[in-house]
Amino acid sequence: MSARLANNKGEWINRAASVKFSYEGREFSGFEGDSISSALWASGEQVLGRSFKYHRPRGILSLANHDVNVMLTDGMDTNMRGDVVAVAEGMALKAVNTDGGVKKDKSRFIDSISPLLPVGFYYKAFHTPKRFFPFWENIIRKAAGLGVVNFNYPRITKPKLHEHCDVLVIGAGATGLSAALEAGASGLRVIIADENAQAGGSLGFDWAGGQESSTLREQLLARLAQLPNVSLRLGAYAAGYYPDHLIPLVSKAGMVKVRARSVIMASGAFEQPPVFRNNDIPGVMLGSAAQRLMHRYSVLPFSNGVVFTANDYGYRVALDLLQAGVKVAALVDLRERAEESALPDQLLKRGVKIIPASCIYEVQANADKSGVKSVTIASYDSASNEAQLHDKITLACDGVAMCAGWVPTANLLYQAGTQMRYDYGVHQFVPQRLPAGMFAAGRVNGVYELNDKMADGVRAARLALRHLGQEVAEPATVALAATAQSHAYPIVPHPKGKNFVDFDEDIQVKDFINAAKEGFDNIELMKRFTTVGMGPSQGKHSNMNAIRILARVRGVPVEQIGTTTSRPFFHPTPIGHLAGRGFHPHRLTPLHDANLQLGAVMTDVGAWKRAAYYQVPGLNVAQTVLAEVEAVRKQAGIIDSSSFGKIEVHGNEAALFLERFFTGRYADQAVGESRYTLLLDEAGVVVDDGLAHRLDEKLFYLSSGTSNAAAVYREMQRWQQIWQLDIGLVNVTGAYAAINIAGPLARQILSGLMQGLDQLQPGSACLSEIAGVPVRLLRVAFVSDFTYELHIPTPQASFVWQRVMAAGQGLGLKPFGTDAQRLLRLEMGHAMPGIDTDGLTNPFEIGADHALALDKPDFIGKRSLQIIAKRPLKKALVAFALAPGYAGEIPLECNLVIRDGDIDGRVTSIAYSDTVKRVIGFAYVSPQQQALGTVFQIRTDSGALVAATVVDSHFLEAQ
Amino acid sequence: MKLNSEMQTEKLMTPIAHALHGQDLLWDDINGMRQATRFATDEIELARKAVLGLADASALRKFGVKGANAAQWLQQQGLVIPEAANRWVVSAAGCLILRLGNTEFLIEDAAGTATESVCERLSLAFSAQPGLYLVPHVEAAFVLSGTAVAQLFSEVCSIDLTRVALGGKDVVMTQFAGVSVVLMHQDLEEESLFRLWCDSSYGPYMWDVIAGIAHEHSGGPVGIGRYFSAYK
Amino acid sequence: MKLLTCPVNGTRPLSEFVFGGELRQPPAADCSDQVWAHYVHNRNGAPGLKQEWWYHAPSGTWFIAERNTLTDQVIRTYLKGQESQA
């Protein structure tokens, strides 16, 4: 039973290429270029889906992706939009949201109990008795979804591209094409995008029985093809507007982020449905949907239909229906008369019955509600907004084309901050104040007549060129449509309801009335209580009628109701497109390969990859780490510390800069000496710590932790801008690699490679070399009292590492990673900012008083410390140990310290130390508990209380 | 050809090394730096170069200074420097001089000038003084060429790098694939090339990103000798 | 995303920048504790024209942007100390 029409000029289908697919288990055939909906409709299939709430059978409504009547799954992908997804060979499709198939959906009974499910019913029912709520919630949640996600869906990434242009035109209908031609003539870079598979917009389907539009379309496209600086993007929708004219164009191939210097919105308008009982039966569709079916896909919308219109557009649709061979049983006009007489005259000449001042009161469906059987037409009194039933008639028909007007596709205009106003002549919102560089033309601007639209596109292009500084004369204004293109209130009440406003969410007229009665009479509250506009179409076919109803209920003009906020994306956008290729920048040390060869298991420290530990066959992670610690304590260990921050401060006032930046004293630091650095913020909070090595009178070489390095350098640069001292700052973090050799045998290992080790006291630095490679040699004491830190120019690091490893081989030198380093520094009693401090910790709380040179004229945080010092301490960081031989549940970092049933502090570091043979750590406790020997309680994850004793932080010396 | 498992004799190793680990490549010594110098046959490398070629130029010696007196000091050493911020010039001998912002300079030796290295000369002449500070430069350096370079840029960079926007002698400091880079365009040995520098720690990541995209366009890595005949 | 113009390097997307807070003058060193605490912990949230610190990460350039925090329009950007040349 084919509803396919004879060959149409400009049709989208390729009749030479047939496509076989299945729908709901039955085989169908269409053509290349068909959408899924058009192929099914051509085969006589009209039930293409089930509605969200009431599971009513649904067919085609807009055929333009302004509704989701037709949503399908192919088993892997879901919520595929049948109206705009091309049919492909071998597709096996099912409607979503059915229980047992689209024809025999078991949930269809919900339609008959709909009186029990008014809008917002789930807010009012089911919550008492409370214990049954989970039962009802489960049912409602299952019913509330649409498609089902297949978690085997493959990860498909589509690269994101950046593009730049001078003029971006959104919409390639008559208006957009005219704008692009005008802008393109200037030679500037123009991109014109359209979401449809082919360009031309309504020139491709709104014909009113003639061929002029189709011919014009071909001409415009031919002219466009002559301009090499104009790029036409089809199948690409403008997904949203982002500041400074950044607009992503999304297509199947991925996302192109276009940065335009000017934007012309020529996006047209969404056709709106009139509202009457059973306006959702398959076979009832928007007038433009019928035109799209006939002219894009050469498919009959129905064979004997009624046109119900509230504007002049229905007359154009009727002429197209006649031209395609469809019988038009009648044209019902909600108004007394059409705005212009030429179209009605043409229809009357063709013998079409025109019934003015009337409405479709209700549609009668056939037996299984799969199609239209007849319609009831009645007089309509616009003053009282009521159908007059005394003279109603019933006409047999198998379809309805309905027209009520338009809503501008202004989403991106709203997102860009455009101020719109409601024009009572055209009866739609139009732009009143556009942001700089943004222009609107055509129907989105309230301009409807074809020649006016093209002139409006030219006007917008000229304004854009002027905005870009081109020498172009000020263009003439183009008037908005002189007559109403939309009806002010195309709503037909009915006592039995099922007159749908929002087809996505099954919302009827009475739902709005009831919501307003309950006090949800503000557009934002109305939206959220009724859920109008919250479905997948996001209000494209429903928001305006909702506004009109609310305005009428409240008795106020439409523009006082306002609109809800428009947000990206214009159409649903795959997450794979948003992810793109997925760049994950990471930094490697020059010793990365050497580490891997030694069995390193890497971990992320900020952007860096560092070795966490080195795998040993037969040992688990904990054992491996303890073995690495033991090596450092008994022989020697080697660690790659290249990720540490390294900053050089040069110049006459280098020491002064340090004195102002850090808390300590540096003016009297000798060359070759290393001192501790503590950095606070202006509030006196601990930010970072490190070391300052004076390599020269005018050179301090600073080292700091990995995570803060970039931020510390940035802050140094900023303070230098303010202080303007005679210094130079150089960030050499990437220029130097760092290797630590730690343990009793460290010096012995290195003495074969370099000079001057014997003289190097703890806390000092000097310049040396290994095999001709310059080395900055530091003697530090972070993980062990016997630690030598070598700073080597990055390209030469692996050369030096190999020589040190070779020198250490016979003496048991072992590589160790960050896991062992954490434990080693803990054993040494070193608190670490960021681990043992948080965003509020001041230096008094961690016992860092010794690092504060409060007699300096000023340093960052000094003023705040003076204020804090006047107050009693609130908490204190203490070193603690659990009982020797403790074998119970070991507390974790962040476990709480409990005193008299109250929170008294928390654990910040904790680990079992095999060196000390006890579980040791740091914790915050109240000042009353900080004395050595105090026993306090730590509550573990399981709730048990564990006794901990405050000890001296020199854990190793206590042994 | 040297194997990776032997103890390294060259003192310097290219920052890209990890990205090339495990591949069957020809390694050699350029300016004392161990580098992969050949990735495929002549035919393949030439084809890659034409569409999207990528080479490791990290072995070219670099020198850097910054500070209020840096410009004057360089001129005193006999160098002609760019007058405006974010511009570059090339000396008669082919040495590149980039002015990064207002007061910082990156100098890179021309290929094959190890014996008359400008960077070596400047390094020896340098002595600390107010407003003049030494900046060590060990960046990963890349050369890019080919008809598809614009497509690579459109994937990794959000600013407009078409030839119109990246003028002849401009230096651009921006981000590629989330990493800060220094970028310029140069016509060298009759070829249209792009030069790129980034922190050496990001070298392997940047190489992988660019090489990955290059392969998708039928391009890919080539030996540095394809761009600098001194290293053929 | 938003564009911002570094006075030295030109117009770039916001992702190349780090925000550094409002440019504010600290009170005199001999101010009262209350005045100092107010400076450290409180910020004026009223919309208006603010001078803000911004950092161009690829080039390490700190500069000031004068921004209308209500309209998000950046009036001008300049290096600190070079306001008059902006």
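In the predicted model, helix α6 (residues 287-296) of chain A packs against helix α7 (residues 313-323) of chain A at an angle of about 30°, and the axes of the two helices lie 9 Å apart. Because angles under 35 degrees count as roughly parallel, α6(A) is described as roughly parallel to α7(A). The crossing of α6(A) and α7(A) is left-handed. On the side of α6(A), the contact is formed by G287(A), A290(A), Q291(A) and M294(A), which meet Y313(A), G314(A), V317(A), D320(A) and L321(A) of α7(A). By residue class, this contact of α6(A) with α7(A) comprises five nonpolar, three polar and one charged residue.

Helix α7(A) also packs against helix α8 (residues 342-349) of chain A, here at an angle of about 35° and with the axes 9 Å apart. The crossing of α7(A) and α8(A) is left-handed. In this pairing, Y315(A), R316(A), A318(A) and L319(A) of α7(A) meet L343(A), P344(A), Q346(A) and L347(A) of α8(A), and the residues of the contact divide into six nonpolar, one polar and one charged.

Turning to the strands, β8 (residues 161-165) of chain A has four of its five residues buried, and the strand is therefore largely enclosed by the rest of the structure. Strand β8(A) runs parallel to strand β14 (residues 254-260) of chain A, to which it is joined by five bridges; within this pairing, H162(A) stands opposite K257(A) of β14(A).

Notes
Residues numbered from 1 in each chain as written. Chains lettered and ligands numbered in written order. Predicted model: local features only at pLDDT ≥ 70, side-chain atom pairs only at ≥ 80, totals over all residues. Axes fitted to C-alpha atoms, helices over the stretch in contact; angles between N-to-C directions. Parallel < 35°, antiparallel > 145°, perpendicular 65-115°, else oblique. Left-handed = near helix turned anticlockwise from the far one by under 90°. Contact = placed C-beta atoms within 7 Å. Nonpolar A, V, L, I, M, F, W, Y, C, P; charged D, E, K, R; others polar. Buried ≥ 20, exposed ≤ 12 C-beta atoms within 10 Å, placed from the backbone. Pairing = 2+ DSSP bridges.
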